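Take a moment to look over the structure below. The paragraphs after it start with one chain as a whole and then move to its details and its partner.

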Amino acid sequence: MSDLFSQFDPLQGKRFQMLDENGMLLTETAALRPLELTDELIKTSYEKMLFMKMADQKANNLQRTGRMGTYASIRGQEAIQMGTGLVMGREDYLIPAFRELGIMWLHGIPMENIYAYWMGNEMGSHPPEGVNCIPISIAVGSQMLHGVGIGLGMKKKKEKKVAVTFFGDGATSEGDFHEAMNCAGLFKPNTVLICQNNQWAISVPRSSQTASTTIAQKAQAYAVPGIQVDGNDLIACYVAVKTAVDRARSGEGATLIEAYTYRLGDHTTSDDAKKYRDPAEVEMWKPRDPLIRLQKYLAGKNLWSQQYEDGLVAAYEKEIEMIVGRAQAIPYNPSDIFDYTYAQLPPQLLAQKEEFLARIQT
Amino acid sequence: MENQKLNIVEAINLALKQEMERDPSVLIFGEDVGKDGGVFRVTDKLQEQFGQERVFDSPLGESGIAGMAIGLAMYGFKPVVEVQFDGFYQQMFDQMLQHAARMRNRSRGRYTVPMVVRIPSGGGIKALEHHSESIETYIAHTPGLKVVYPSTPYDAKGLLTAAIRDPDPVLFMEPKKLYRAIKQEVPLEDYIVPIGSANILQEGTDLTIVTWGAMVRETQAALESIKSNPTTSNTSIELIDLRTISPYDQTAILTSVEKTGRLLIVHEAVRSFGPGAEIAALVAEKALYSLKAPIQRVAAPDITVPYLKAEHWYYPNAQQIEQAIIMAMS
């Protein structure tokens, strides 16, 4: 399976795909489908992707109605996050950027925590015990190095765990991406670097971000395997991530996965992509929607129908309403804004805290 | 307790060695710190003793050093990394400010970054551009980081031990001009000099001088001159080695100024917005009515550090400090 990377060499213009836009398995890659990825698993994965899509839409609505701050939508990028979620275990570490609602939730962050974060409550980034997810990183491209560091720690402890870090296409222009890739090549950490190439960094298209044909090919300069996978194809995403994670667990080192996908929404709720993006391009991508593709696949197996979909939607709507309530109910303790600056507050900070608490109580 | 005469380089090396023996999670990495033992030999022979898994060369990229250290620290290691020269800290500034300083707060205590960055600091060694900077203001202005700056072998060993055992990120500034300039009896056993506590090197009643790093020695030279001059020899001066820039020891400064009524701050960093401004503001806020004279500052001018031909004009010297003492007393 590890010859996947030579079979789909990005420098040869290869993109790894298994499920086409009509929901048909491609014959040339069909043999790569692992036995554990059953139709039943694909069906439950579809359900989770639908839940992500609806939770994402709800976050947008909450912002529009003033109940949430700025939010960065994952719409269109559900497949790579789902594929990764199927591969990662609880003991593994997730090091996200900020467009990862799906994988964060799959990895164990309760959806109400994710909402609380975007509502402006730092407690949203305090994962429950046993959930290994580093807080959202807003500084673009800075977190991949943490993924390399954590993966290196796993390697030093001779563990079979893996650190998976996410970032966007824009992040690959940051110097820290190149330092992370260089260190990944040198130290061979238990790390998987996943670039969600959604074609846009706010208003700058991928073609203006780098002159390289692909992002995946950049890996080769650092002696790290790199692959471009159809990021809207759940099955291919699963296989690519599984291959990379297996490499990392067995101590063979890091992998760069470029998930070729599309940002169907705006950059964030503060953005209006109509100003800079041709609507025809969005129309072109709509049929490639990762959920539509799976609907077609499942319908072909008699595992999807509109009635089934409607039932799920109704149930998820109710569930998400309850999540919103729980997110809003997460308390905000005012002294917390001081208390986590250091393990122990120095005297001058204690004095400032007391002054602050007295001020807000009057 | 057994002692040995050590210089600052040797004292730091000993602290590193002892902490690595005590705590298997301590890792050392950075540029040239392995076989070469660092360009100042501070990590000399540590790779030989502890192996390449724990002491290793990083590629030449400071942001990468800091970023990996942050990941390792969050994963339970205790990285003690070296940035080769003060001027190249700027390349890791982003990681330290955006992540190391904030992770405890960002995750509300779930993830912490107990790491140490050792920074050979300050000028006076006739080096190239970017090798002689005093960056304490840049780093002390970041909530979540601690900044220490010892001036003696004893303090260097005790403060580094404290820094390595600290649960938060500590930036450990090493006065490179003093690396081998002084030897001192240093206990061979491990001990701690607490972070956040200043040291009163000399007690006095007429004037408080607050300084740190290489300027401690320069100030001591000025004090010798003051003592030997019959017109000034009666001046009783309290000399405070601040030792920690953030969080700094406000009590030591205020207690002293309330006693002496006069304050002089000496630092190598440029004058405007330097640490001296913060200390002067503290005294103005909390001890203004104790003051008998305007607060004095001796600092580098607000210019780029000149190259070696002119660096001696840049750093505050004993003569300037002496003049400032006379000004404060007049």
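In chain A, among contacts with a separation of 6 or more, 75% join residues 24 or more positions apart. This is a predicted model, and the values that follow are computed from it. Chain A holds 15 helices and seven strands. Its radius of gyration is 21 Å, close to the 21 Å that the globule rule gives for 362 residues, so chain A is as compact as a globular protein of that length. Along its principal axes, the C-alpha trace of chain A spans about 70 × 50 × 40 Å. Of the 362 residues in chain A, 49% are buried.

Chain A is divided into two parts by domain assignment. Domain 1 covers 4–331, and domain 2 covers 337–362. Taken over C-alpha atoms, the centres of domain 1 and domain 2 of chain A lie 39 Å apart.

Now go to helix 5 of chain A, residues 111–118. Seven of its eight residues are buried, so helix 5 is largely enclosed by the rest of the structure. The buried residues are Met111(A), Asn113(A), Ile114(A), Tyr115(A), Ala116(A), Tyr117(A) and Trp118(A). What do they pack against? Their partners are helix 2, helix 4 (101–106) and helix 13 (306–329) of chain A. After helix 5 of chain A comes Gly120(A), with a positive phi near 95°.

Helix 2 of chain A runs over residues 39–64, and Arg64(A) belongs to it. Is Arg64(A) buried or exposed? It has 11 C-beta neighbours inside 10 Å, and therefore counts as exposed; the cut-off for exposed is 12 or fewer. Thr269(A) is 205 residues away along the chain, yet the two C-alpha atoms are separated by 7.9 Å.

The largest nonpolar core has 195 residues. Which residues have the most contacts inside it? They are Val192(A), Cys237(A), Ala240(A) and Ile257(A), together with Ala163(B), Phe172(B) and Leu264(B). The largest share of this core comes from helix 10 of chain A, residues 234–249, which gives 11 residues. On the chain B side, take Ala163(B). Leaving aside neighbours within four places in sequence, Ala163(B) is in contact with Val116(B), Val148(B), Val170(B), Phe172(B) and Ile195(B).

Stay in chain B for a pair of strands. Four of the five residues of strand 14 (residues 296–300) are buried, so strand 14 of chain B is largely enclosed by the rest of the structure. Strand 14 pairs with strand 13 (residues 263–270) of chain B, in the parallel sense and over four bridges. Val270(B) has Ala300(B), in strand 14 of chain B, as its bridge partner.

Finally, turn to where the two chains meet. Here 34 residues of chain B are in contact with 34 residues of chain A. Which elements give two or more residues to the side of chain B that touches chain A? They are helix 3 (62–74), helix 4 (90–100) and helix 5 (103–106) of chain B. Helix 3 of chain B supplies the largest share of that side, nine residues. By residue type, the side of chain B that touches chain A divides into 12 nonpolar, 15 polar and seven charged residues.

How values were computed: Residues are numbered from 1 along each chain as its sequence is written. Chains are lettered from A and ligands numbered from 1 in the order in which they are written. This is a predicted model: local features need pLDDT of at least 70, side-chain atom pairs count only at pLDDT 80 or more; totals for chains, interfaces and linings use all residues. Two residues are in contact if their C-beta atoms, placed from the backbone, lie within 7 Å. Ala, Val, Leu, Ile, Met, Phe, Trp, Tyr, Cys and Pro count as nonpolar, Asp, Glu, Lys and Arg as charged, and the others, Gly among them, as polar. Domain bounds come from an automatic or database domain assignment. A nonpolar core is a set of buried Ala, Val, Leu, Ile, Met, Phe, Trp, Tyr and Cys residues joined through C-beta atoms within 7 Å. A residue is buried if 20 or more other C-beta atoms lie within 10 Å of its own, exposed if 12 or fewer, and partly exposed in between; C-beta atoms are placed from the backbone. The radius of gyration is taken over C-alpha atoms; the globule rule is 2.2 Å times the number of residues to the power 0.38. Two strands pair if DSSP finds at least two bridges between them.
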